[in-house]
Amino acid sequence: MEKTLGMFYSILKDYLVNSTFHGLRFIAEDGRHWTERLFWLVCCLLSWYGSAILVLSSWESFQKNAISFVVETTYLDVKTSFPSISVCEDDNMERIYSMANEYFGPDHDCNLDEMLREIAFFKGSVYYIKEFCLSDDIPCPTKDYKKMSDEVRSPCKDIFKTCMWKNKTFDCCEHFVPLLTEWGVCYTLSPRTEVEGKTDHLKLVSSTKLGLGSIYLELLVPTKVFMHPEADIPYYNTMTTEVVAGKAGILKHLGISVIDIENEPEVKSLSISQRDCRFPDENILTVTSVYSYSACVTECRMREQLRTCNCTSHLMPYTDEKQHCDMKGILCLSKYSEPMSVQKTPWGNKEGLDCPCLPGCEDPEFDTIETIMTQLSDDMENISVIEISMYRYPSERYKRNVVRGRLDLVVSMGGAAGLFVGASLLSFAELFYFFTVRACNTHTSKGSDRKPSPTVMVNPFQPRISKDYPYPTFKM
């Protein structure tokens, strides 16, 4: 034990005397008075403490204040994407009456129609199922609600009549693609689905070259039309300003403005916690293929349904049908529909979903500037018309700038270490060297029995004398 301690003391002293860290050699050098050692020990401790404070401050700033979020008004390339448009069928009673006759016969109880509506367009509350289906008075179905909902809902060709982009007609069902949401199957027109090479490709952008974008829809059934970023999906908590309810015989015109978000390329190199947002390809969800805030909340609600009722809504996207609720599960979801339909704030005590969802890094902001409602002619009394157009070109956009990148962190930490203790990267390398390689070599050389050969000092100015070639002699 004493031998080990002695060896460690010898290695430590060797390191302190030869270290490139400033001040350490004055503590360990021979011949120093104890007051000198104490003085330099205090100075070194204070320097290391000051260096540690600056390094930790740099690290905290890098983690919490690496992003600057500013409003930019000086850009000249005015080019903004049009919002994605999702059309979701809503409480189509004409379709429900027709399908109820097929399911239950023409003389069925009228309460079955409402029960069928609650299943096909499930929104959380099921009054008629709770009031009439728990008794044996009417033959309510108790399972396979997913299949029933798919059969009741209208196909795409029965929802759309006319679609126009910038006053040019296009095939609705070719460009509006099915999208699974917690509202059921919706039909979405998005820049993400309008890929290059597609027949009759629509350029869903607005610019000074292409003009302001506008979309015109004639719809044959009751619907809800959602405006959202291209990665988003319609969900229960969509803001009412971003939802337009179609009404038969009424034309609703919305003038909107868009504020885009631009990210510096370095933003993606930062961690998610640093920028406090997620890009679409940073997906951790199962209800969608790309990340979005709305999809995150939808998955949060799905997990809460499983936790509370041990099943999920039959309309929940991309879920196993074995997890879908039967009648007992639907009643459970209805019982807790209110707390499951709202989100809980971190500072509030109100019941709701506690969802740690981050916003999308690329999600623009949409604002409705004007809303105009017009009565349609008598020949269009059964058709609802929705028109959404860009009100003006954007005059500003948000931008995320990286103000503290990895290089800034290295420079800041290196400057603090160099200022206080005179350290460099090689100073930390020698710390490893002295306590491993050098210590091992020193211990090996001391443990060897071989005596070192004597050192012969050679004077370079002394002439060499050789027996074979003696120096010549000169006679004066």
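At what angle do helix α1 and helix α14 pack, and how far apart are their axes? Before I answer, let me say that this is a predicted model, in which local features need pLDDT of at least 70, side-chain atom pairs count only at pLDDT 80 or more, and totals for chains, interfaces and linings use all residues. Residues are numbered from 1 along each chain as its sequence is written, and side-chain values use heavy atoms, with hydrogens and water left out.

Helix α1, residues 2-18, and helix α14, residues 425-435, pack at about 150°, with their axes 10 Å apart; helices here are DSSP runs of H or I with at least four residues, strands are runs of E with at least two, and both are numbered from the N terminus. The axes are lines fitted to C-alpha atoms over the stretch in contact, and the angles run from 0 to 180 degrees between N-to-C directions. The two helices are therefore roughly antiparallel, a term for angles over 145 degrees. On the α1 side the contact (heavy atoms within 4.5 Å) is made by Phe-8, Ile-11, Leu-12, Asp-14, Tyr-15 and Asn-18, and on the α14 side by Glu-430, Leu-431, Phe-434 and Phe-435.

Let me turn to the cysteines. A search of the whole structure finds nine disulfides, each being a pair of cysteine sulfur atoms within 2.5 Å, and I will describe some of them.

Cys-156 and Cys-173 have their sulfur atoms 2.1 Å apart, and with -110° about the S-S bond their link is left-handed. Cys-156 sits in the loop between α7 and β4, while Cys-173 is in helix α8, 17 residues away. Cys-156 counts as buried at 10% relative accessibility, whereas Cys-173 is partly exposed at 34%; buried means under 20% relative accessible area, exposed over 50%, and partly exposed in between, with a 1.4 Å probe and protein chains only.

Cys-163 and Cys-172, with sulfur atoms 2.0 Å apart, form a right-handed link with 120° about the S-S bond, and both of these cysteines are buried.

Cys-296 and Cys-357 are joined in a left-handed disulfide, with a torsion of about -85°. Cys-296 lies in helix α10 and Cys-357 in the loop between α12 and β14, so the pair ties together parts 61 residues apart in sequence.

Which cysteine sulfur is closest to that of Cys-44? It is the sulfur of Cys-43, at 6.9 Å, which is too far for a bond, and Cys-44 itself is buried at 6%. Cys-110 is in no disulfide either, the nearest cysteine sulfur being that of Cys-140, 13 Å away, but Cys-110 is exposed, with a relative accessible area of 59%.

Note on methods:
Angles under 35 degrees count as roughly parallel, over 145 as roughly antiparallel, 65 to 115 as roughly perpendicular and the rest as oblique.
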